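Hello,

Here is the structure I promised to pass on. Please open it first, then read my notes below.

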Amino acid sequence: MHSNHLLLEEPIRMATILEPSKGSFFPAMTKIVGTLGPRSRSVDAISACLKAGMSVARIDFSWGDGDYHQETVDNLKTAIKSSRKLCSVMLDTVGAELQVVNKSEKAITLKEDDKVILVPDQGQEASSDVLPINFAGLAKAVKKGDTIFLGQYLFTGSETTSVWLEVDEVQGDGVVCIIKNSATLAGALFTLHASQVHIDLPTLSDKDKKVISSWGVQNKIDFLSLSYTRHAEDVREAREYLSKLGDLSQTQIFAKIENVEGLTHFDEILEEADGIILSRGNLGIDLPPEKVFLFQKSAVYKCNMAGKPAVVTRVVDSMTDNLRPTRAEATDIANAVLDGCDAILLGAETLRGLYPVETISTVGRICSEAEKVFDQDQYFKRTVKFVGEPMTHLEAIASSAVRAAIKVKAAVIICFTSSGRAARLIAKYRPTMPVLSVVIPRLKTNQLKWSFSGSFEARQSLVVRGLFPLLADPRHPAESTNATNESVLKVALDHGKASGVIKSHDRVVVCQKVGDASVVKIIELED
């Protein structure tokens, strides 16, 4: 564990805390991933979510079918056009998830100290005595005394809607459990988690592959959230599968760390993945409560140093049913930002919560406030020290651009990029100002047809903290002349002015490639 305390910049006058926050075109530098579902899938609801600050739409295939989710994404596309807010799509796989299916959807009441048996017979009706599960090998995987957690959809942490079970004995394929707390389970689907028990199911199931090869290809998904990633090989296998699916070879894979197995192999997984999702709901069950924060800080630090996005989940569970977060939740969001996370992922809060738009807006405001006191100076020095010398050419340019922008108090950094890598490296150093990533399309061919790249790269920056994409006119080639560079720069500056990020006499740092040379220049805007 590295010593990486991010202290608030001093001094802060207490009176300034009461000053109202100023509005901004960008709600926060930290991004918000919203899970779309029953309460947030209409065009109007999605438009409101986009305006509130959602930049990535997560589609969770642990429930609902392809047609249902297709209708949701079609509505998303309509909302993007009407709101003029860019949004990327993340497909969340089911993976090695254990589930209890309650076909009747009748509420199931479980009483403390009673017994219930888990059986691998999904044709059986779920009741207070028997719960059918989707895994035949549970009886071989668990032993007496093991802990099993059961909750609706996504864990809420509420003891009235989720239940702890202790394995009492194994009877054939069935697992007899003692109920440790009284609870009422409502709904059609419950997620089951066996604490610190290896589940012999593939990370990318046949069902997942079918969804990706049909629905995923049709919608050209930007991100694949690989649930229950336990080994680096899981990521390699998923990447190999995506490479055979045309455009999806560009899809980024975010490894979802959900249990001790994934935690143990974290370093190797981070090396292979494009980003990390810290699934704190399941991790909170596998880890002792006092260790959860330690894993979060260490994992986010490692992601930061690797320049890969870190996404934190389960921050405002209470807003599923309430208009305001708890004090602990508000502090938790701020601490995630101060730790260095790139994005906050909202699950049940937007999927089936009563206040999806208000939740996004509230989380965005808290992130924005935390960003104001993020100790960028300490973070920058620590990152430079970690990278060491000699730096790569691109890393040196990126860190120099950020240092220059801070020294001249630039309003914005504009980065010209074709792959998105240069812009992500700049964002890695966490500048205090937004980074406008101007993605220059490249002409490519698959020997059957010609097309322009760029849209994937633009959308994939929507999960990176502080990065805001702008897709340039494809008539401006990646290896452009000085004249076309100036033309694209003017478009970027006009965009910044229109959005209120840039105004007269502001300084702007521009990072671009001119011929074979990478150039960082500072310009001051005239009236």
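A crossing of two helices is called left-handed if the near helix is turned anticlockwise from the far one by less than a right angle. Keep that in mind for the helix pair below. Note too that this is a predicted model.

The whole chain first. It has 527 residues, and 55% of them count as buried. There are 17 helices and 24 strands. Among contacts with a separation of 6 or more, 71% join residues 24 or more positions apart. The exposed surface comes to about 23,600 Å². Carbon and sulfur atoms supply 52% of that surface.

Now the helix pair. H13 covers residues 376–387, and H14 covers residues 393–407. Their axes come within 12 Å and cross at roughly 160°. Angles over 145 degrees count as roughly antiparallel, so H13 and H14 are roughly antiparallel to each other. H13 passes H14 in a left-handed crossing. On H13, the contact is made by Gln376, Phe380 and Val387. H14 brings Glu395, Ser399, Val402, Arg403 and Ile406. By type, the residues of this contact are 4 nonpolar, 2 polar and 2 charged.

One loop residue is also worth a look. Pro202 sits between strand E12 (189–194) and helix H4 (206–219). Is Pro202 buried, partly exposed or exposed? Its relative accessibility is 47%, so Pro202 counts as partly exposed. Leaving out residues up to four places away in sequence, Pro202 touches Gly95, Ala96 and Arg230. Pro202 and Gly95 are 107 residues apart along the chain, yet their C-alpha atoms are separated by 6.7 Å.

Best wishes

Note on methods:
Residues are numbered from 1 along each chain as its sequence is written. This is a predicted model: local features need pLDDT of at least 70, side-chain atom pairs count only at pLDDT 80 or more; totals for chains, interfaces and linings use all residues. Side-chain values use heavy atoms; hydrogens and water are left out. Helices (H or I, at least four residues) and strands (E, at least two) are DSSP runs, numbered from the N terminus. Buried means under 20% relative accessible area, exposed over 50%, partly exposed in between (1.4 Å probe, protein chains only). Contact means heavy atoms within 4.5 Å. Accessible areas come from the Shrake-Rupley method with a 1.4 Å probe; for residues, only the protein chains shown count as cover. Axes are lines fitted to C-alpha atoms, for helices over the stretch in contact, and angles run from 0 to 180 degrees between N-to-C directions. Angles under 35 degrees count as roughly parallel, over 145 as roughly antiparallel, 65 to 115 as roughly perpendicular and the rest as oblique. Ala, Val, Leu, Ile, Met, Phe, Trp, Tyr, Cys and Pro count as nonpolar, Asp, Glu, Lys and Arg as charged, and the others, Gly among them, as polar.
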